[in-house]
Protein chains: 2
Amino acid sequence: MDHVAGLLSMREAQPFSVYAARRVIDALGANPIFSILQPQLVPLVELQLDKRQEVSGAQIDLGLELLPFSVPGKIALYLENKHAPNFGTQAGDTLGFKITNTKSGKFFYYIPGCAQFNQSLSDRLHEAPLVFFDGTLFHENEMIDQGLIGKTGSRMGHMNIDGPDGSLKAFEKLNVVRKIYIHLNNSNPALNDFSREHAIVTAAGWEVAKDGLEIEL
Amino acid sequence: MDHVAGLLSMREAQPFSVYAARRVIDALGANPIFSILQPQLVPLVELQLDKRQEVSGAQIDLGLELLPFSVPGKIALYLENKHAPNFGTQAGDTLGFKITNTKSGKFFYYIPGCAQFNQSLSDRLHEAPLVFFDGTLFHENEMIDQGLIGKTGSRMGHMNIDGPDGSLKAFEKLNVVRKIYIHLNNSNPALNDFSREHAIVTAAGWEVAKDGLEIEL
């Protein structure tokens, strides 16, 4: 949702490319409002799971390669089917990416949503130079406790930072060189530099992404 | 488009109300992505042309009344039918509003899009205390001249500020107390306080809206 809503801000005649899984391309097709993205300016390129894809923007090679892989997740809220197991989620509904500079070979991982950790993710991320990871909520119940909406982190398809199944714990032994929380919900206390939770994540070697963050690999 | 795209930023559980013409409500219904606006939190209220409507937000009376009226315009880009006259535009596709404080009776007009001026608009706006008006482009061809996109102001359904059919000319004899250009495209040179065009609009008694503008009536 966060990713497709932004497409409407890119209109009306800006050339760029959309790389997405078939399920997302179909969702765009089911919403005629996205026809403001003119096909001759904005190609929709279908990503295949576990298949490398070189990326270009405005027909210019960006010198980058995407490797999309499936991570545990949840179907987008606006596509949920409340009668289906896990709301109709299918493999490929939530993707992580390995993004590689084709010239230097340097790479990083981008995983803005992840419902739970597993062995395949551990193996993949082990000793990675840089990982951007789902930091939606710190505490499973923080939105409820703050009187926001009645949803837990797990109901939204995001693992929390905290807890025995949380990302702090999951990354403990992965030896990732640099790890940065992204996709933080505004309820997440780690956004506040002076909070106890911010101290906890930084003590564990994490950074919290900020607007304007620049990184050199 | 500008107005409905913003709805996706208001998600997921924020209570507010949407007031819109039937054509816009139908367009929202045709795009399942807008189902993220939960009906129990976000009522869609159909506006009737030329009929007063009291407005509330999150079930709280806002002390305001809307009077929607049809102005010459164009159908939204994503609904255009290239085989129909004026791309399938119908009356009510472009609305202006008179917005009244129900307690004080003070009011203003809000007309962010208008394809051409007519006698009915002149009569309505004559001696109004405040009008926000379509300032999309200054010059009919400015987007083409600046190498942006190949569209004129009139093709987009907006009258220009300049020219014999422009808004500067149209407002000349209306004795509107305060008139403010809104909905300026980023190509509009009047956005630059030091431009010739900015000097022209201010000399004609217009203001150009800015982020954070506050007005007391």
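A disulfide is taken here as a pair of cysteine sulfur atoms within 2.5 Å. In this predicted model, the count under that rule is zero disulfides over all chains. In general terms, a disulfide is a covalent bond between the sulfur atoms of two cysteines. Cys114(A) has a relative accessibility of 0% and counts as buried. For Cys114(B) the relative accessible area is 0%, and this residue is buried too.

Chain B contains an open sheet of seven strands with mixed pairing, in the order S3-S4-S5-S6-S7-S8-S9. Its edges are formed by strand S3 (53-57) and strand S9 (206-208) of chain B, each of which pairs on one side only. Ignoring direction, the average angle by which neighbouring strands of this sheet are turned against each other is 30°. Strands of a sheet pair through backbone hydrogen bonds, in either a parallel or an antiparallel arrangement. Within the sheet of chain B, strand S6 (residues 107-111) and strand S7 (residues 131-134) run parallel and are joined by three bridges. Tyr110(B) has Phe132(B) in S7(B) as its bridge partner.

The loop between strand S8 (179-182) and helix H6 (196-203) of chain B holds Asn188(B). The relative accessible area of Asn188(B) is 2%, which is under the 20% limit, so the residue is classed as buried. A polar atom of the Asn188(B) side chain lies 3.3 Å from the backbone oxygen of Thr136(B). With residues up to four places away in sequence left out, Asn188(B) touches Gly135(B), Thr136(B), Leu137(B), Phe138(B), Glu142(B) and Ile161(B).

In chain A, His183(A) is located in the loop between strand S8 (179-182) and helix H6 (196-203). His183(A) is not a glycine, yet its phi is positive, at about 60°. The relative accessibility of His183(A) is 29%; because this value falls between 20% and 50%, the residue counts as partly exposed. In chain B, Asn175(B) occupies the loop between helix H5 (167-171) and S8. Asn175(B), a residue other than glycine, likewise has a positive phi, near 55°.

Note on methods
Residues numbered from 1 in each chain as written. Chains lettered and ligands numbered in written order. Predicted model: local features only at pLDDT ≥ 70, side-chain atom pairs only at ≥ 80, totals over all residues. Heavy atoms only, no water. Buried < 20%, exposed > 50% of the residue type's maximum accessible area, 1.4 Å probe, protein only. Helix = DSSP H or I, 4+ residues; strand = E, 2+ residues; numbered from the N terminus. Polar contact = N/O pair within 3.5 Å; in protein donor to acceptor, adjacent residues only side chain to side chain. Contact = heavy atoms within 4.5 Å. Pairing = 2+ DSSP bridges. Axes fitted to C-alpha atoms, helices over the stretch in contact; angles between N-to-C directions.
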